[in-house]
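Please look over the structure below before reading on. The notes after it are meant for someone who has not seen it before.

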Amino acid sequence: MLGVKWLSKNRKSGSTCTPVFVEMKYGIGAYDGDAGIGKHIDDLQSILGNPVKVGELSETIADQFNQLAALDLISFNRSAAVEKVSVSGRPEVIFLLANHNPRSRKLLNIVRSIEEPKNFDLRFFSAAFAGYGMHDACMMTLDEFRTRLEVAANSGNT
């Protein structure tokens, strides 16, 4: 999925949006293999390491967002002075995780092996907090996510 990160405190300007790429992972079987978390991170490192590609993708994201807004297919609070948004800056990649058994160590082991990406900010979103909006306050950094998985795996609670 493609998206924009446009914090509510910055909604008076349409030039403060950053590109967001969301990968949904549903269940333990989706964490590894050819379409697993590590493979996606490797692929995105390659793609998002190319500034030309990031620029092209950012433009596509802005065009799609502006089109949806013009058709009134999305609603949000923004300044009336903002007619269109532009998207630029360091991309954010979010793994949206659903149907995870917190006692499983599979995800913890995979996350332990991930190195912090150089070309984008990596975030993990637990569907336990999910609704229609993915709030920045619910995003976890790689270190925060590792810690949460460690606590859950060692607690014995679900």
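The points below go from the whole chain to a single residue.

1. Start with the source. This is a predicted model. Every value here is computed from it.

2. Next, the fold elements. The protein has four helices and four strands. Along the sequence they come in the order β-β-α-α-β-α-β-α. The radius of gyration is 17 Å, close to the 15 Å that the globule rule gives for 158 residues, so the protein is as compact as a globular protein of that length.

3. Now the extent. Along the principal axes, the C-alpha atoms fill a box of roughly 50 × 30 × 25 Å.

4. On burial and surface: 35% of the 158 residues count as buried. The accessible surface comes to about 9,300 Å². Carbon and sulfur atoms account for 50% of that surface.

5. On charge: the protein carries 18 positive and 18 negative charges. Their mean positions lie 5 Å apart.

6. One residue deserves a look. Which phi does Asp72 have, positive or negative? Asp72 has a positive phi of about 55 degrees, although it is not a glycine. Most residues other than glycine have a negative phi. Where is Asp72 found? Asp72 sits in the loop between helix 2 (51-70) and strand 3 (92-98). Is Asp72 buried or exposed? Its relative accessible area is 65%. Exposed means over 50%, so Asp72 counts as exposed.

Note on methods. Residues numbered from 1 in each chain as written. Predicted model: local features only at pLDDT ≥ 70, side-chain atom pairs only at ≥ 80, totals over all residues. Heavy atoms only, no water. Helix = DSSP H or I, 4+ residues; strand = E, 2+ residues; numbered from the N terminus. Rg over C-alpha atoms; globule rule 2.2 N^0.38 Å. Buried < 20%, exposed > 50% of the residue type's maximum accessible area, 1.4 Å probe, protein only. Areas by Shrake-Rupley, 256 points an atom, 1.4 Å probe, with all protein chains shown as cover. Lys, Arg positive; Asp, Glu negative; His and termini not counted. Charge placed at Lys NZ, Arg CZ, Asp CG, Glu CD.
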